[in-house]
Structures are given as structure tokens and as C-alpha cells.
Amino acid sequence: MLEVDARGLSCPEPVMMAMDALKRAGGQPVRVLVSASVARDNVMALAKRKKKSVQVERVGDDYALVIE
């Protein structure tokens with residue numbers, strides 16, 4: 001699983017990093033770590049636009065999104 005650490009970054013950077021990771025992953029799941037709820041929501045919107053499923057988990061003060 002490819003992992004992207006976008007914690008501490010503000011949008012649109014986490015979304016751009018997630019999009020790049022999805023291209024490189026070749027169909028494998030991508031795990032994206034973000035700090036802000038806005039970044040979480042924007043990465044979830046990206047996954048839905050790409051017709052991917054997304055699972056969100058709270059990890060301490062951050063969020064981990066697994067896009068498949």
C-alpha cells in the first residue's frame with residue numbers, strides 16, 4: 001500500500017499529493033494522512049470523483065484515509 005503523509009499541509013496540496021499517489025499506485029490502495037478536516041473532506045471528494053471507495057479513521061489528532 002502506497003502511503004502519502006500530507007499532515008500539516010493545507011489544500012490543495014494534500015489533494016494533489018493523493019492524486020499523484022493514485023496514479024503511481026497502479027490500482028493498489030493508497031493511504032493518505034492529513035491533519036485538517038478540510039483536507040480530509042477534499043481528499044474524500046477526490047476519491048468519490050475518481051469512483052473509488054474511501055475509508056476514514058481518526059488517528060490521534062490526524063486522519064488516515066484509505067482509498068481503494
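**Note on the predicted model**

1. E3 is partly exposed, at 45% relative accessibility (buried means under 20% relative accessible area, exposed over 50%, and partly exposed in between, with a 1.4 Å probe and protein chains only). The model is predicted, so local features need pLDDT of at least 70 and side-chain atom pairs count only at pLDDT 80 or more, while totals for chains, interfaces and linings use all residues. Residues are numbered from 1 along each chain as its sequence is written, and side-chain values use heavy atoms, with hydrogens and water left out.

2. E3 pairs with R31 through a side-chain salt bridge, at 2.8 Å from N to O (a salt bridge is a side-chain nitrogen of Lys or Arg within 4 Å of a carboxyl oxygen of Asp or Glu). This pair links distant parts of the chain, since E3 belongs to strand β1 (residues 2-5) and R31 to strand β2 (residues 30-34), 28 residues apart. Helices (H or I, at least four residues) and strands (E, at least two) are DSSP runs, numbered from the N terminus. R31, at 24% relative accessibility, also counts as partly exposed.

3. How many salt bridges does the structure hold? There are 5. One of them joins D20 and R24, with the closest N and O atoms 3.0 Å apart. Both residues lie in helix α1 (residues 13-25), 4 residues apart, or about one turn of the helix. D20 is partly exposed at 40% relative accessibility, whereas R24 is exposed, with a relative accessible area of 54%.

4. Another salt bridge is formed by R40 and D41, whose closest N and O atoms are 2.9 Å apart. Salt bridges that share partners also join D5, R7 and D62 into one network. D41 is partly exposed, at 39% relative accessibility.

5. R40 is located in helix α2. Leaving aside residues up to four places away in sequence, R40 touches V34, V56, Y63 and L65 (contact means heavy atoms within 4.5 Å). The C-alpha atoms of R40 and V56 are 8.3 Å apart, with the two residues separated by 16 residues in sequence.

6. E57 is part of strand β3 (residues 54-59). With residues up to four places away in sequence not counted, E57 touches D62, Y63 and A64. Between E57 and L33, 24 residues apart along the chain, the C-alpha separation is 9.7 Å.

7. Which residues gather in a patch of positive charge on the surface? They are K23, R49, K50 and K52. Patches are made of residues with over 30% relative accessible area and no salt bridge, like charges being joined within 9 Å and nonpolar side chains (Val, Leu, Ile, Met, Phe, Trp, Tyr) within 5 Å. R49 lies in helix α2 (residues 37-49) and is exposed, with a relative accessible area of 57%.

8. Most residues other than glycine have a negative phi, and most peptide bonds are trans. C11 and P12 are joined by a cis peptide bond, with omega about 15 degrees, and P12 lies in the loop between β1 and α1. K51, a residue other than glycine, has a positive phi near 60 degrees. K51 lies in the loop between α2 and β3 and is exposed, with a relative accessible area of 76%.

Notes. Accessible areas come from the Shrake-Rupley method with a 1.4 Å probe; for residues, only the protein chains shown count as cover. Lys and Arg count as positive and Asp and Glu as negative; His and the chain ends are not counted. The place of a charge is taken as NZ of Lys, CZ of Arg, CG of Asp or CD of Glu.
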